[in-house]
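Please look over the sequence and the structure before reading on.

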Amino acid sequence: MLRVPPDQDLVVFGATGDLARRKLLPALYELSAQGLLPRRGEVVGTATSDLDEEAFRRFAHDSVANFSRTGLDEDAFATFASRLRYVPAVSDPAPKLAKVLKRPRRIVYLAVPPSAFDPILLELRAAGLARGSSIIIEKPFGHDLASARELNHALHRIVPEDRIYRIDHYLGKETVQNLLVFRFANTLIERIWNRDVVAAVQLTVAEDIGVEDRGHLYEETGAIRDILQNHMFQLLALTCMSPPSSFDPEALRDEKVKVLHSIRPVGPQDVVRGQYTRGSVNGKIMPGYREIEGVSPDSATDTYVALRLAVDSWEWAGVPFYLRCGKALCTRRTEIMLFCRDVPLHLFEGTGIAKLQPNRVTIRIQPDEGISLSFVAKRPGPTVVEQGVRMDFSYGQSFKTQPAEAYERLLHDALLGDHTLFIRQDETEASWKALQPVLDQMPPINLYAAGSQGPTEAEALLESGSWHDLSHHVGE
Ligand code: BG6
């Protein structure tokens with residue numbers, strides 16, 4: 001049974017920005033339509049655009065019409081719109097905000113670039129709004145270890161850790177949450193989930209979109225800071241963590257942070273960086289990264305990164321982990337693949353079976369969400385000939401419902417005060433710490449054509465085998 005959060009106001013800084021338009025307003029609308037917003041509470045947008053309340057409601061209407069998961073229902077929108085307020089963030093907005101906010105409990109969403117965090121936090125404090133406020137912030141949480149620590153100090157000067165929600169929207173995805181159920185609710189799976197059985201792990205976050213119109217912003221981040229340090233390290237932590245003592249938020253986050261602390265620092269020799277050039281993606285020409293507005297013509301920003309790392313924990317010591325993420329690749333696919341060890345004895349030598357493919361567990365985070373087990377079977381016939389086969393679980397087929405958007409789940413949790421799916425201070429710092437050596441000494445950029453599988457140099461990172469071929473059908 002889904003709970004209705006206690007009465008509170010929600011303030012969104014950056015309310016007319018891209019994130020608010022594409023994700024936050026549609027998610028809040030969905031929650032409102034399901035009766036999952038607080039019974040009493042305003043949703044107050046604030047941004048530098050000089051809009052009035054009516055114009056902001058029209059903006060929200062367009063955003064819901066274009067991006068909501070279930071589509072726009074005018075009656076449901078009218079109910080949602082009745083709680084929408086707007087305060088332009090021009091000339092000292094804090095006192096105006098203080099007037100609109102009526103409830104002692106409130107949550108403040110910072111959907112703004114990191115450079116705006118500090119001034120907003122100071123304003124909130126000056127206007128006496130820090131008391132009773134919780135803060136939701138978006139990644140990147142700093143751009144290296146030192147800046148992450150500074151940001152955490154700045155936040156802690158305003159609100160304590162238990163009122164900070166660091167969002168990583170990957171944790172709001174159903175398939176990511178299912179990782180824990182898949183692992184810890186199935187004896188069959190948990191027994192093989194360790195160094196005794198697993199020989200190597202590959203994690204992939206491949207995108208077929210480019211940087212598009214975010215050139216200016218992306219120049220500051222690159223793939224390492226945009227995806228690897230946060231989304232991928234969270235996937236890694238969930239893949240490697242030991243069972244928590246309970247599903248209490250701190251118990252869960254304690255186990256994740258142990259994994260992040262166990263990552264052996266990643267140096268430049270473990271990393272291949274790439275940047276895409278003009279090419280064809282799914283039949284369409286995509287301009288190269290350096291052709292994008294706001295990108296320097298000799299930019300050395302990575303739009304792709306691949307690396308190998310070691311998790312020095314009891315369960316995973318000695319198992320190589322290979323991670324890669326990139327934009328403008330040939331396909332969109334996020335998956336975790338565990339390759340099992342070879343069988344101890346090749347009993348079939350001398351028969352028709354030449355080389356046995358290792359068993360593989362694939363968790364498809366998106367698209368075509370599901371899990372598959374690949375193994376070897378005898379092909380019917382008079383001689384012993386092996387064939388790779390697959391057992392498949394597909395969310396779409398098993399549960400004929402459409403899962404909630406990650407932001408719906410996360411906003412609802414934050415309104416309820418549930419920290420389970422948010423990142424704790426020590427998690428961000430541990431992730432940056434593991435990456436600091438490579439951030440200090442970035443290896444050179446290798447170019448790859450848009451629509452390819454990334455730079456071929458990435459192959460050299462693997463001790464044996466190769467990266468799973470992204471041109472194969474999902475699950476193959
Ligand atoms: C965001 C990144 O965090 O995640 C984007 O900033 C990226 O660059 C996006 O495109 C990918 O999210 P998803 O949910 O489409 O995998």
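## Report on the model

Q275 is placed in strand β8 (residues 271-277), where helices (H or I, at least four residues) and strands (E, at least two) are DSSP runs, numbered from the N terminus. The model is a predicted one, in which local features need pLDDT of at least 70 and side-chain atom pairs count only at pLDDT 80 or more, while totals for chains, interfaces and linings use all residues. Residues are numbered from 1 along each chain as its sequence is written, and side-chain values use heavy atoms, with hydrogens and water left out.

With a relative accessible area of 1%, Q275 is buried; here buried means under 20% relative accessible area, exposed means over 50%, and partly exposed lies in between (1.4 Å probe, protein chains only). Between the C-alpha atoms of Q275 and E42, which are 233 residues apart along the chain, the separation is 44 Å. Another pair, D418 and D162, is 256 residues apart in sequence and 9.7 Å apart in space, C-alpha to C-alpha. D418 belongs to the loop between α12 (406-416) and α13 (425-440), and its relative accessibility of 26% makes it count as partly exposed.

### The ligand and its shell

The residues that surround the ligand are K139, H169, Y170, K173, E207, R214, D226, I227, H231, K327, R332 and Q366, a residue being near a molecule if one of its heavy atoms lies within 4 Å of it. By class, this shell divides into 2 nonpolar, 3 polar and 7 charged residues, under a scheme in which Ala, Val, Leu, Ile, Met, Phe, Trp, Tyr, Cys and Pro count as nonpolar, Asp, Glu, Lys and Arg as charged, and the others, Gly among them, as polar. Helix α9 (residues 215-240) contributes the largest share of the shell, 3 residues.

The table gives polar contacts, that is, pairs of N or O atoms within 3.5 Å; within protein, one atom must be able to donate a hydrogen and the other to accept it, and residues adjacent in sequence count only if both atoms are side-chain atoms.

| Residue with polar side-chain atom | Distance to an oxygen atom of the ligand |
|---|---|
| Y170 | 2.6 Å |
| K173 | 2.6 Å |
| D226 | 2.6 Å |

Of the 400 Å² of accessible area that the ligand has on its own, the protein covers 79%; accessible areas come from the Shrake-Rupley method with a 1.4 Å probe, and for residues only the protein chains shown count as cover.

### Backbone geometry

Most residues other than glycine have a negative phi, and most peptide bonds are trans. A cis peptide bond, with omega about 0°, joins K139 and P140, and P140 is located in the loop between β5 (133-138) and α6 (145-158). Q366 and P367 are likewise joined by a cis peptide bond, with omega about -15°, and P367 is in the loop between β14 (360-366) and β15 (370-378). Both K139 and Q366 are listed in the shell around the ligand.

Although N282 is not a glycine, it has a positive phi of about 45°; N282 sits in the loop between β9 (279-281) and β10 (284-286) and is exposed, its relative accessible area being 56%. A328, also not a glycine, has a positive phi of about 55° and lies in the loop between β12 (320-326) and β13 (333-340), but A328 is buried, with a relative accessible area of 0%.

### Aromatic pairs

In total, the structure holds 16 aromatic pairs. Rings of Phe, Tyr and Trp (its six-membered ring) pair if their centres lie within 6.5 Å, and planes under 30 degrees apart count as stacked, over 60 as edge-to-face and the rest as tilted. One of the pairs, formed by Y29 and F77, is tilted, at 6.4 Å centre to centre and 40° between the planes. Because Y29 lies in helix α1 (residues 18-33) and F77 in helix α3 (residues 74-81), this pair ties together parts that are 48 residues apart in sequence. Y29 and F77 are both buried. F393 and Y395 form a tilted pair as well, at 5.0 Å centre to centre and 55° between the planes. F393 counts as partly exposed at 24% relative accessibility, whereas Y395, at 15%, counts as buried. Elsewhere, Y218, Y276, Y289, Y304 and Y448 make up one aromatic cluster.
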